[in-house]
Every structure is written in structure tokens, then in C-alpha cells.
Amino acid sequence: MEDGQIIDLFLARDETAIQRAAEKYGLRLRALALHIVQEPQTAEECENDAYLAAWNAIPPHEPRDYLYAFLARIVRNIALNRCRDQSRLKRGAFVAELSREMEECLPAPDDLESRLNDMVLQEALNGFLGTLGEEKRNIFLRRYWYLDSVAEIAKRFCISQSKVKTTLFRVRNQLRKYLEKEGYTL
């Protein structure tokens, strides 16, 4: 079933929309959550919570062209919140490490202007990702979206861990320069 048809089911408040979304994207969403929470049962709960959140968010949102990305963002946020709520020391330290790496590149979310310009920042990030080659973009996304470790990324792309670290360091520096050029104060 196409994403647009699933969205139509959501808009019609037809409960089969959740079943169709689960059939199409369930495994990928659960794998994303499992990678973050490290427990199959918790990952399944995150997936189910994501369907409920999508049910409540559609309408007003109609992610016809990006349903997977819409659901993935929801499940990722739910999984990260579960980690914070459960105070998992090991995973919490990992998330804090990634946050520290990205703090150097992204503007602080504490000021009101940054919050109001989230959409502009999103467009800038998408524009930046569009300038990267496929390998660099995939490495960056695996690290900062899917929260893969450096070792996992190296294994996935059949490259050394040092190359992954170097690539991430250079891409973060490129991102910082790109955002400064776009007018963001870092």
C-alpha cells in the first residue's frame, strides 16, 4: 500500500491505517528503536507508542511524501525519551557523547530565536546533507540519526574506525562552516 493511501486511512480515522503502517514500516521502526533502547520488548513498546502518536498527529499533519521519516522521527524520540526516563547509565553516556559532538556544530536551542527558526535550520541541515557525497552523508546519518557506534559504522561500510572518526570530524567542521555561512551563530 502506498504512503498516500495509508495517510488517507489515518485521515478517515480508520484503524487499519495503523496495521498498514506496521506492515510496511514496522520492522524498520522496531530496529531503529531497538538500536537505541537495546531491549526487544521496549523497542516494540516504542513502535506501538509511535503509531499512537502518529494517530494523534494525523491530522493536522499529512506526511504523504515522507511517512517513514515521520514515523521514524517519532519512534526515535520516544526511544530516546525511554532511555532518559530509565536512566540507563551506559546508553545515557553514549547519547551525551553524541550530543557533545553536535553541540559544537548546532546553535543553542535555548534562545527564542533559535526555536522560532527550527524550520529554517531543518532546511539548512537538509541543504548541507545534499552537498555531501553519499558515503559521508550515510556515515553522518548512521552516527547522529541512527546512533550507530563508530565500530558499527566501520563494519557496515567496510572501512577502518579511524576513517569513520576522521570523516565525522571533517563533516562536523564542514557543517559548522556551512551553518555559519547561513547566518547561524555557534
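## Where α2 meets α4

In this predicted model, helix α2 meets helix α4 through contacts (heavy atoms within 4.5 Å). On the α2 side you'll find A21, Y25, R28, L29, L32, A33, I36 and V37. Their partners in α4 are L67, Y68, L71, A72, V75, R76, A79, L80, R82 and C83.

How do the two axes sit relative to each other? They come within 9 Å and cross at roughly 30°; here an axis is a line fitted to C-alpha atoms over the stretch in contact, and angles run from 0 to 180 degrees between N-to-C directions. The crossing of α2 past α4 is right-handed, meaning the near helix is turned clockwise from the far one by less than a right angle.

## The ground rules

Residues are numbered from 1 along each chain as its sequence is written. Because the model is predicted, local features need pLDDT of at least 70 and side-chain atom pairs pLDDT 80 or more, while totals for chains, interfaces and linings use all residues, and side-chain values use heavy atoms, leaving out hydrogens and water.

## The whole chain

Zoom out and you get 10 helices and 0 strands (DSSP runs numbered from the N terminus: H or I of at least four residues for helices, E of at least two for strands). Of the chain's 186 residues, 39% count as buried; that's under 20% relative accessible area, with exposed being over 50% and partly exposed in between, using a 1.4 Å probe and protein chains only.

Take the contacts with a separation of 6 or more: 68% of them are between residues 24 or more positions apart. The chain's accessible surface comes to about 11,100 Å², and carbon and sulfur atoms make up 51% of that (Shrake-Rupley method, 1.4 Å probe).

## Salt bridges across the chain

How many salt bridges does a search of the whole structure find? There are 9, each being a side-chain nitrogen of Lys or Arg within 4 Å of a carboxyl oxygen of Asp or Glu.

One of them pairs D8 with R64, with the closest N and O atoms 2.8 Å apart. D8 is partly exposed at 39%, and R64 is partly exposed at 31%. Another bridge joins R82 and D49 at 2.7 Å, N to O. Those two are 33 residues apart, with R82 in helix α4 and D49 in helix α3. R82 counts as buried at 19% relative accessibility, whereas D49 is partly exposed at 30%. Salt bridges with shared partners also join D8, E62 and R64 into one network.

## A closer look at E47

Is E47 buried or exposed? It's buried, at 3% relative accessibility. E47 forms a salt bridge with R30, their closest N and O atoms being 2.7 Å apart. R30 is partly exposed, with a relative accessible area of 31%.

E47 also has a 2.6 Å polar contact with the side chain of Y51 (a pair of N or O atoms within 3.5 Å, one able to donate a hydrogen and the other to accept it; residues adjacent in sequence count only if both atoms are side-chain atoms). Leaving aside neighbours within four places in sequence, E47 is in contact with G26, L29, R30 and V75.
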